[in-house]
Amino acid sequence: MNSKKILAVLLSMTMLVGSLAACGGSESASSAAPAPAASAGDAAPAQSDPAPADAVTFTVTADVTGARAPYVDRFAELIAEKTEGRYKADVIAAASLGNASDMAQMLQMGTLDVLMSDDMSMDGVLDGALGFAWLPGLVKDYEEADKYYNNGWIADKLAEIMEQNNLIRISSYCNGFRQVGNIKRPITEMNDLKGLKIRTPSVESIVSFYEKCGALPVMIAGSEVLSALQTGTVDGLDNAVFNYVNQGITDVITQICTINYCYSGGCFIAGPDFWNKLSDEDKEIFRECAQIASDEFTEYFRAETENIQNKGVESGQWEITEPSAEMQAELEKIYQEIWDESYDKYGADIMDPIISGEYKTLS
C-alpha cells in the first residue's frame, strides 16, 4: 500500500472517530433508501467474500448520508463481481470525511479514490464552472433530462470541465427537478409568485430566476427551512420534492407547483491518481459498474418522488399545480434572459449551443 493510500486510511479513521453523527444537512439527502436488490445471477456483496491476497483495495464513499449510501455499496459489489475480486472497495461511511468540497479535494490529492456526489456540490470547488448545466429551462421533463443531461451534451461538457480540474466523472444519475413549494397559495400564474419569500440555494441563476418572477429569494441553510417556514421568515422554498422528507417539511408545505424550471444530476467521480493506474479494460468496468448503480439510484429517486407526492395529495396535505400556458410562455422569456446574461460567464463554447438550441441536436 503506497503512502497516499496509508494517508487516506488514517484520515478516514480519524474523522470517523471524531464524527459519530454523519452530516445530514445536504439538500440531496432523503430518507434512507432500501438496499438495491441484487438481480438474478449477481454475486454476493463484495464484503462477504474474502478478496484475493493481491487484490487492489480502493476507497469509495458518498458525500451525504441517507439515500445514496446503499448505491455506493452496490457499486462496490458490482466491482468485486465484474473484476472477479481483483479490486476490493473499502467503503467509508457516508459524509464521515467532511463535506462535498472536502472530499472533492481529497480526490484531487489522491487520498480518496471514488466519490458519489451531486453536480451542484462539486460546483462549489470549481468556482461555478459547472453552473451552465442547471441554467433554467434547459430540460423540461425526465425524457429530456436523460437525453440532454444524463447521456448527452451536458454530461459531456460536465465531464470535460471536471477532468480539467482533476475530477473524473464516470457516470450520471438523477438529482431531480427543483419545484416551488409554499404555505400561502396555489401557483398557476406569474402573479401568484410575486411577493412570495422563497428560500433558495445561493446559486446565481436560481436567485436570478426568482427575482425575475417577482418573488423574494431568501438564502438560508437547508437545515433552517422548517423553522423559517414556521416563523414566517419564508413563505416557501425551492427544492426537489425528494428532499422534503429530509428537511422535515412534508407536514408544513401545503402547495407545490411542478414548475420543472431547473434540473440537476449527480455522478460517481474518480480521482485521477487512482484512475490513471487502471488499464483501459478496467476503466470500462468501473464506468459500467458506476452507471449500473447510478441507473438503479435514478429509478429509486424518481419512484420515491412520485410516492411522496401521491401520499401528500392523498392525505389532503398538498395541492399540486402546474403553470398555465400563459405562465409557461412568460417563463420561457425569463429563461432566455438568463441565458443571455450568462454568456460572458460561461463563454461561447457553452452558451452558443444553449442559446441556439444546438445542445439538443449534439446530444
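**Entry 1: α5 and α6**

I started with helix α5 (residues 142-150) and helix α6 (residues 153-164), which pack at an angle of about 35 degrees with their axes 4 Å apart. My helices are DSSP runs (H or I, at least four residues), numbered from the N terminus. The axes are lines fitted to C-alpha atoms over the stretch in contact, with angles from 0 to 180 degrees between N-to-C directions. This is a predicted model, where local features need pLDDT of at least 70, side-chain atom pairs count only at pLDDT 80 or more, and totals for chains, interfaces and linings use all residues. I also noted that residues are numbered from 1 along each chain as its sequence is written, and that side-chain values use heavy atoms, with hydrogens and water left out.

Which residues meet here? From α5 I listed Tyr 148, Tyr 149 and Asn 150, and from α6 Trp 153, Ile 154, Ala 155 and Leu 158. Contact means heavy atoms within 4.5 Å. By class I have 6 nonpolar, 1 polar and no charged residues. Ala, Val, Leu, Ile, Met, Phe, Trp, Tyr, Cys and Pro count as nonpolar, Asp, Glu, Lys and Arg as charged, and the others, Gly among them, as polar.

**Entry 2: α6 and α15**

Next I followed α6 to helix α15 (residues 348-356): their axes come within 12 Å and cross at roughly 170 degrees. That crossing makes α6 roughly antiparallel to α15 (under 35 degrees is roughly parallel, over 145 roughly antiparallel, 65 to 115 roughly perpendicular, the rest oblique). Trp 153, Lys 157, Glu 160 and Ile 161 of α6 meet Asp 349, Ile 350, Pro 353 and Ile 354 of α15. I found 5 nonpolar, no polar and 3 charged residues in this contact.

**Entry 3: α8 and α13**

The axes of helix α8 (residues 204-212) and helix α13 (residues 325-341) come within 10 Å and cross at roughly 135 degrees. I therefore put α8 down as oblique to α13. On α8 the contact uses Ser 205, Ser 208, Phe 209 and Lys 212; on α13, Leu 331, Ile 334, Tyr 335, Glu 337, Ile 338 and Glu 341. The classes are 5 nonpolar, 2 polar and 3 charged.

**Entry 4: α12**

I checked the length of helix α12 (residues 280-314): its 35 residues should span 51 Å at 1.5 Å a residue, and the end C-alpha atoms are 51 Å apart, which agrees. The expected span is 1.5 Å times one less than the number of residues. After α12 comes Gly 316, with a positive phi near 85 degrees.

**Entry 5: confidence**

Mean pLDDT (the predictor's confidence in each residue, from 0 to 100) is 89 for the protein chain, and 87% of residues reach 70 or more. I flagged residues 1-30, where pLDDT stays under 50.

How values were computed: Helix = DSSP H or I, 4+ residues; strand = E, 2+ residues; numbered from the N terminus.
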